[in-house]
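Hi,

Here is the structure I promised to pass on. Have a look through it first, and then read my notes below.

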Amino acid sequence: MRTPGPRAKPPRAWQRMLSGRRLDLLDPSPLDIEIEDIAHGLARVARWNGQTVGDHPLSVAQHSVIVEEIAHHLKPGLEPRWRLAALLHDASEYVIGDMISPFKAALGLSYKDFETRLEGAIHVRFGLPAKTPPPIKTLIKKADRACAFLEATQLAGFGHDEAIRLFGPPPPGTITALEPLPASQAQARYLERYRVRAEACGLLPGPDAWHTE
């Protein structure tokens, strides 16, 4: 009889982050997710696969800040936790990158399942429901599409009519001028916006908490 050889080691399915955390990509734990890692990664992931004009690509970090602003524009008085959800709506891309929609469709359900697990772990880490309530998810998606329209027409070479067909028109009063930022600035802006929203949600102490008599 043939002696069975040694079993092959399973492929590595984790990534070490700059914070020192080791994130299991197949079974992500909220305990291994840090906002600094998210901000660092998203500031270095380019929207539109980098096919945009200008000296810098538009990062997912900058895109996320704009989407959070548009969501609030669409629904003034939006609760802080849902503004935080809007800021984090693409947070999983710090690990998986920003795949364009046609490629996501080609990959099918296996990609979506992976993305959903990671999104759930991120939400739990920051005190949000693992699954965003449908009305909030719809609002964030509308803000995301409005931002995509602005990016497409200003930075990615789309014509106005083509962008309308693909993304729909942006709501009146939406921010009109986009200027892609260097990665370090996009990262800092994302972290600052997170700090403000996290304080409003009670996840971080506000600035007055550090003052003593």
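Let me start with the cysteines. A search of the whole structure turned up zero disulfides. In case the term is new to you, a disulfide is a covalent bond between the sulfur atoms of two cysteines. Cysteine 147 has a relative accessibility of 0%, so it counts as buried. Cysteine 201 comes out at 30%, which is why it counts as partly exposed.

Do keep in mind that this is a predicted model.

Now the overall layout. The protein has nine helices and two strands.

How much of the protein is buried? Out of 213 residues, 41% count as buried. The accessible surface is about 12,400 Å², and carbon and sulfur atoms make up 56% of that. As for contacts, take those with a separation of 6 or more: 64% of them are between residues 24 or more positions apart.

Is arginine 165 buried or exposed? Its relative accessibility is 64%, so arginine 165 counts as exposed. Phenylalanine 149 is 16 residues away from arginine 165 along the chain, and their C-alpha atoms are 9.8 Å apart.

Cheers

Methods. Residues are numbered from 1 along each chain as its sequence is written. This is a predicted model: local features need pLDDT of at least 70, side-chain atom pairs count only at pLDDT 80 or more; totals for chains, interfaces and linings use all residues. Side-chain values use heavy atoms; hydrogens and water are left out. Helices (H or I, at least four residues) and strands (E, at least two) are DSSP runs, numbered from the N terminus. Buried means under 20% relative accessible area, exposed over 50%, partly exposed in between (1.4 Å probe, protein chains only). Contact means heavy atoms within 4.5 Å. Accessible areas come from the Shrake-Rupley method with a 1.4 Å probe; for residues, only the protein chains shown count as cover. A disulfide is a pair of cysteine sulfur atoms within 2.5 Å.
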